[in-house]
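The following note sets out some remarks on the strand pairing, helix packing and nonpolar cores of the model under review. Please read the numbered points alongside the coordinates.

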Amino acid sequence: MNETRLTIGMIGAGFISHYHIQGLQEAGATVGAICGTDTEALRQRAETYHIPRTTTEIGELLADPAIDAVVIATPDFLHMEHAIAALQAGKPALLQKPMARSAAECAQILAVARATGVPLFVSFMHRYLEEVEHLQGLLADGVLGVVHSVRQRNATPGADWAGWFYRKENVGGGVLMQLGVHGIDLLRHLFGEIVRVRATTALLVKERALADGTVVRPDSEDFVAATYEFASGMMAVHECSYAEVAGTDRFRMEVYGSEGTAWLRSERGRLAVYAPSHWGRPGWFTPDIRTERIGYRQHRHWLDMLAGRAPHDDSARAGLVSIAVAEAIYRAAESGQWEDIALP
């Protein structure tokens, strides 16, 4: 697949579709068709983004030879079905996180990807923030020394545009599966494998009013406090919440090393570093970080991987592992003990 301009099919016309469509178009792809169940949402997306074709039948989109690859951004409980259908149709896929509702479902998707040889990727957008890339450079250069501990927070007031987010049967859990997997992936992406966890979970907000006035009563957690031990011996604490009025700006991360400290997306800005032994002076340093749209960066990389201009990343396996870590957190909250990560 080495065309200079790929044609992508969008599967799903919900809230997150805006991000993917904008990112694809900015990165130079053509969004040739969009599929969904809500005909009004389809009409709006097609009109806003000049998408030439809409359909309510996923099979019709997957059978179209003009579609080179697909983005799957449907509700979580449809991820496995839609990903497998795309792979069996020979369409490379970018699958919205969480990869699926369980590690077992993720393993089934990966088995089909291996059997068909069709490329599969999972969308972890936070990897593409410029400050994350800058932190990777600092870590590689040893600016922070040996990293001993990290604090990660992922928090929002909670989604108010769809009730299915708050049913365990649809998501596989609560805030951890919807929001926490971002933090799990980012921690693994930067610091390596998580080997065991301890955790507490809670449901704090028993009743929620959605934007349309619908009242939902969640049956899964909206707060998580987890402790991770990494293969390197590093420790991390990870807080996830759907019960905060302000929440975090995507996430907050604090990295504490033997030679320095780095804060990401905090009150000190997108990235602030305290490393006096490296710079020869005390005080916080705020790097000059270039700004590009996160959607452009992510989708440009995906298109480059599809076209063979960049090696394939590890996001498909990472999608599985992030869910396996989440499942270990649920086990740890139940047992009150350390739980190892179990891969199917």
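1. In this predicted model, strand β5 (residues 93–96) pairs with β4 in the parallel sense, over 3 bridges. Within that pairing, Leu94 of β5 is the bridge partner of Val71. Together with helix α4 (residues 79–88), β4 and β5 make a right-handed β-α-β unit.

2. Strand β4 (residues 69–72) also has a partner in strand β1 (residues 7–11): the two run parallel and are joined by 4 bridges. Here Met10 stands opposite Val71 in β4.

3. Are the residues on the two faces of β4 buried or exposed? Ala69 and Val71 lie on one side, Val70 and Ile72 on the other, and all are buried, leaving both faces of the strand covered. In a regular strand, side chains alternate between the two faces of the sheet.

4. A separate topic is the open sheet of 8 strands, which has mixed pairing and the order β15-β14-β13-β7-β12-β11-β8-β16. Its edge strands, β15 (269–274) and β16 (339–340), each pair on one side only. Towards the β15 end of that order, strand β13 (residues 252–257) and strand β14 (residues 261–266) are antiparallel partners over 4 bridges. Thr261 in β14 is the bridge partner of Tyr256.

5. Helix α8 (residues 175–191) lies across β7 (147–155), β8 (194–202), β11 (223–230), β12 (235–241) and β13, and runs at about 155° to β7. Helix α11 (residues 315–335) lies across β8, β11 and β16, at about 55° to β8.

6. Which residues touch the most other members of the largest nonpolar core? They are Leu120, Phe191, Tyr228, Met253 and Ile329, in a core of 87 residues. Helix α11 gives the most to this core, with 11 residues. Nonpolar side chains tend to be buried together in soluble globular proteins.

7. Leaving aside neighbours within four places in sequence, Tyr228 is in contact with Ile184, Leu187, Ile194, Arg196, Val197, Met234, Met235, Ala236, His238, Val325 and Ile329. Of these partners, Ile329 is itself one of the residues that touch the most other core members.

Definitions and conventions: Residues numbered from 1 in each chain as written. Predicted model: local features only at pLDDT ≥ 70, side-chain atom pairs only at ≥ 80, totals over all residues. Heavy atoms only, no water. Pairing = 2+ DSSP bridges. Contact = heavy atoms within 4.5 Å. Axes fitted to C-alpha atoms, helices over the stretch in contact; angles between N-to-C directions. Buried < 20%, exposed > 50% of the residue type's maximum accessible area, 1.4 Å probe, protein only. Right-handed = clockwise from strand over helix to strand, strands pointing away. Core = buried A, V, L, I, M, F, W, Y, C linked by side-chain atoms within 4.5 Å.
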